[in-house]
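Here is a short note for someone opening this model for the first time. Please read the points in order, with the structure in view.

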Amino acid sequence: MKISDFELFKSLLYERSGLVITPDKSYLLDSRLTPIAKKWGYPTLESMTLQLRALPDEKLIKDIVEAMTTNETSFFRDTKPFQIFQDTILPVMLEKRKARKTIRIWCAACSSGQEPYSLAMILKEKEAQLKGWRFEIVATDISDDILDQAKRASYSQFEVQRGLPIQYLMKYFMQLGEAWQLKDEIRNMVRFSNFNLLDSMSRLGSFDIVFCRNVLIYFDEKTKATILEKIAGQLENDGFLLLGGAETVLGITNKFVPNPEKRGLYIKAGTPAVTGSTTTGFSPAGTTPAKTTSSFSSGLFKRT
Ligand SMILES: C[S@@+](CC[C@H](N)C(=O)[O-])C[C@H]1O[C@@H](n2cnc3c(N)ncnc32)[C@H](O)[C@@H]1O
């Protein structure tokens, strides 16, 4: 790819999604965007680039941004955040919200839905204890394609073998041919919508718990700081933020402080320290894990 074409895609992706693409990743542009050029009827990636320079088409730009997102996810990914949700955050929040009995959760980059559906299954398991409570799980992503998959909630054998306890598979999914369909009782607990983390968050309302995992890693420090500070604006003062294992607020913003004992867990700066029960060896509500398999400016494309 010509350096000028690389620079064009680099600024488009940065301005539209925050994604930072370095020269050593230019092979990713070739491999992921060549199919987009074909889909749009361009004989080569170069001819699509020429068109993009001459007359940028919003739908084409959207396809390019979506093609460059990394949608890697799995049920109960990394286990620990879900253990922290169940054993630490939930008991604390049930106590703090006992007057209004409503808890709002935001999965800020939900990919194909496994993260919000994992939370929904944990809550479903506690249905009896949570009688009279209202839980709202809002799940957002920048990609319409991945959101369509999330809403369908149909997963492959491979996807259900990654982190989903076998008991949950049996209880909450139906086998339809080669696929596993999540039952409506869990599906209906999650509300999906398209949201770009670069946008103003005020329309989303306020949240008690925010999962923003494994997306900040694709951004530069400035973008990370802006997003984290906007999240702080949407999070209740006594709320909780969970980041991915390779993500931190340290050196980026002082709006949050980490819990030193629970990796990935943050509270807003200036709020009392986290308390709550601690359990080890998390296995969602007494389940055994199913078999596990091994297991990212020119101003030309600024949105108006
Ligand atoms: C690696 S997945 C993480 C999924 C899930 N949170 C997890 O930890 O398993 C990252 C997701 O972030 C989304 N994403 C990337 N840039 C975004 C942006 N600017 N706004 C919202 N979502 C974005 C991608 O489409 C992708 O689905």
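1. Of the chain's 304 residues, 37% count as buried (20 or more other C-beta atoms within 10 Å of the residue's own; exposed means 12 or fewer, partly exposed in between; C-beta atoms are placed from the backbone). The model is predicted: local features need pLDDT of at least 70, side-chain atom pairs count only at pLDDT 80 or more, and totals for chains, interfaces and linings use all residues. Residues are numbered from 1 along each chain as its sequence is written.

2. The secondary structure comes to eleven helices and ten strands (DSSP runs numbered from the N terminus: helices are H or I with at least four residues, strands are E with at least two).

3. Start with helix 1, residues 3-17. Its 15 residues reach 21 Å from first C-alpha to last, close to the 21 Å expected (1.5 Å times one less than the number of residues). Its buried residues are Asp5, Leu8, Phe9, Lys10, Leu12, Leu13 and Ser17. They pack against helix 2 (26-39), helix 3 (45-54) and helix 4 (58-67). Gly18 follows helix 1, with a positive phi near 90°.

4. Next, the cores. The largest nonpolar core has 60 residues (a nonpolar core is a set of buried Ala, Val, Leu, Ile, Met, Phe, Trp, Tyr and Cys residues joined through C-beta atoms within 7 Å). Ile137, Val210, Cys212 and Leu241 touch the most other members. Helix 5 (residues 80-96) gives the most to this core, with six residues. A second, separate core has twelve residues, including Leu8, Phe9, Leu19 and Ile64.

5. What does Val210 contact, leaving aside neighbours within four places in sequence? Its partners are Trp106, Ala108, Ile231, Leu235 and Leu241 (contact means C-beta atoms, placed from the backbone, within 7 Å).

6. Four bridges join strand 4 to strand 5 (residues 179-182). Met174 stands opposite Gln181 in strand 5.

7. Asp184 is in helix 10 (residues 184-187). Is Asp184 buried or exposed? Asp184 is exposed, because 9 other C-beta atoms lie within 10 Å. Its C-alpha is 9.2 Å from that of Phe173, eleven residues apart along the chain.

Terms used
Contact = placed C-beta atoms within 7 Å. Pairing = 2+ DSSP bridges.
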